[in-house]
Amino acid sequence: MEKRVTFKGWLLPMCLLMPQIIITAVFFFYPAGQAIYQSLFIPDPFGLSMRWVGLGNFEYLLGDPYYRASFVTTAVFSLLVTVTSMGFALYLAVLADRLIKGSGVYRTLLIWPYAVAPAVAGVLWLFMFNTRVGVVSWYLGLLGYDWNHVLNEAEAMGLVVVASSWGRVSYNFLFFLAGLQAIPKSVIEAAAIDGARFWTRFRTIVFPLLSPTTFFLLVVNIVYAFFETFGVIHTITSGGPQQATTILVYKVFSDGFVSQDLGSSAAQSVILLVIVGALTIVQFKFIERRVHY
Amino acid sequence: MATIKLDNIKKSFGKTDVIHGVNIDIEDGEFIVIVGPSGCGKSTLLRMVAGLETVTSGEILIDGAQVNGVEPMDRDIAMVFQNYALYPHMSVEENMAYGLKIAKTPKAEITERVAEAARMLQLEPYLKRKPRELSGGQRQRVAMGRAIVRKPKVFLFDEPLSNLDAKLRVQMRLEIKELQSRLGITALYVTHDQVEAMTLADRMVVMNGGVADQIGAPLEVYSNPQTEFVAGFIGSPATNFIDAALVPDAPKGASKIGIRPEHITLLPSGQGKLSGNVVFTEALGAETLVHLRMDSGTETFTVRQDGAMALPVAGDPVGVDWGADDEMAFNDKGRRV
């Protein structure tokens, strides 16, 4: 049986819970309620009055080709970020797992990028790839490649994907390495005696046993790519060129605070809220079951 | 089926030497048990035969061919691990078929061989289950099955029974012995349990601090131990050791005399070779263990006597005696005199 701490009265537990409840209420429930409320109105251009439109904002959004394009952009972006950061992290984790000497140094260095804030990471990558002064774009220029993510949509997407994935590799690496080290060594040895070479062992034993970690990271990384990459996109491309990197979260910002269309922005927030909710349910349901072999 | 030869095997981890030159010749079909306390290097020795650990110096030969640099998979061996090392995401059937699948054995043959092993090990009802749905004993059987289906030249066992409860251990011990003699496959078995070693081995290797102290048939090792360590390690309760100076007619050069508990007779006080007091008794039914503190001071003696005999009372003064043939004399280096 699980051990539970029991309290006699209700005052102490309430006091202990209060900080969390207050933070959640102020920074989540209140703004979320505001967003839902505002999504049902259109404010006038001066913000003096609001007109009730019911689900009009949502209807307009779903018919808006730019909004639908942003959905596709978000899907492509988060898929690329997730695959890039997880794939690279897994590769590094497998190497680090095999390392005996100096693994501590290797691990520490790999973890550093995680400490860099997304916006700062964005600026770092922007400097390297800046079309005029960037060191990487200069070398690319020497090789005869004219790098210009300000004009080229694919290059812009590539750059924000790389910048967003970079810090994420550290985070994923930590989890993958822990997952790899949790696999009993004797199981790997048994497979080696059974005749499986490195790649076969990885495919048939290691990767299946890592599946709980992989699934957890999949969900966490998708959530990250959806919501936490704002800083990177804002600093590098500001959603451009031609909305090529305007993911849903960025569109909430640009429609609401740049274009001052608060009703539409609020409606987009509500849609995002539903998506987060769905992802969270998926995460809880599946992490509890299925992936346990 | 194969012979194994270990020729002056040494192993160091960095600057620490763990095995200092071990020589063993194993006949085809023989069941060899390596026994010793933890840290004596027995598992390391087994892992070197498996190819999971490199050999620092010396040669390992399987069927006359040197295998020092050969990968585990190419040595044609099968190993049963202490924690079973089953593949947790595969069913019992898949666990057993894994090695055959990798070897690209035809499907029909895989099915047949897995079925045969399952029948032998009474695993047929569990073929579709995952390891976590099995008891310890069943998991142990699956690990055995995985070794059997590949029909290897050599079986390696690394303390396979130490995670089982006492009763199951006895039963599995019998099954392993029976299976090995039926299949006639050379087996190398590592354990710290001397009862397992005595019951399973055709010949046993007693390891102590990275050295093979004695190699021989279990009864030979038991009745004629070559070192003080072997005399103390093999046999339960352990051999009693006493300073040779206290024993009346001790052989020349002996510093310690060992006498097994069952070779000692309790006599009334004042009689026999030595005297002491009863400290406590353990009545086990069939036999009784009497613990004595000797009058000479520090030595304690354990005496095993028939359970039917009267229980001595704690504090009683007693004399002890033994036959001169039962004395095992060791010099100051622990070697047999």
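Predicted model: local features only at pLDDT ≥ 70, side-chain atom pairs only at ≥ 80, totals over all residues.
**View 1. The buried residues of helix 5 of chain B are R169(B), I176(B) and Q180(B).** Seen down the helix axis, the buried residues fall within an arc of 25°, and they therefore line one face of helix 5 of chain B. In general, an α-helix has 3.6 residues a turn, so residues three or four places apart point the same way. The elements of chain B that cover these buried residues include strand 3 (31-35), strand 7 (154-158), strand 8 (186-191) and helix 6 (194-200). Just after helix 5 of chain B, G184(B) adopts a positive phi of about 65°.

**View 2. Chain B is divided into domain 1, residues 4-232, and domain 2, residues 241-330.** Between the C-alpha centres of domain 1 and domain 2 of chain B there is a distance of 39 Å.

**View 3. The contact between chain A and chain B draws 15 residues from chain A and 17 residues from chain B.** On the chain A side, helix 8 (185-193) and helix 9 (198-227) each supply at least two residues, and helix 8 of chain A gives the most, with 6 residues. By residue class, the side of chain A that touches chain B divides into 10 nonpolar, 3 polar and 2 charged residues.

Technical notes: Residues numbered from 1 in each chain as written. Chains lettered and ligands numbered in written order. Buried ≥ 20, exposed ≤ 12 C-beta atoms within 10 Å, placed from the backbone. Helix = DSSP H or I, 4+ residues; strand = E, 2+ residues; numbered from the N terminus. Arc of directions from axis to C-beta. Contact = placed C-beta atoms within 7 Å. Domains from an automatic or database assignment. Nonpolar A, V, L, I, M, F, W, Y, C, P; charged D, E, K, R; others polar.
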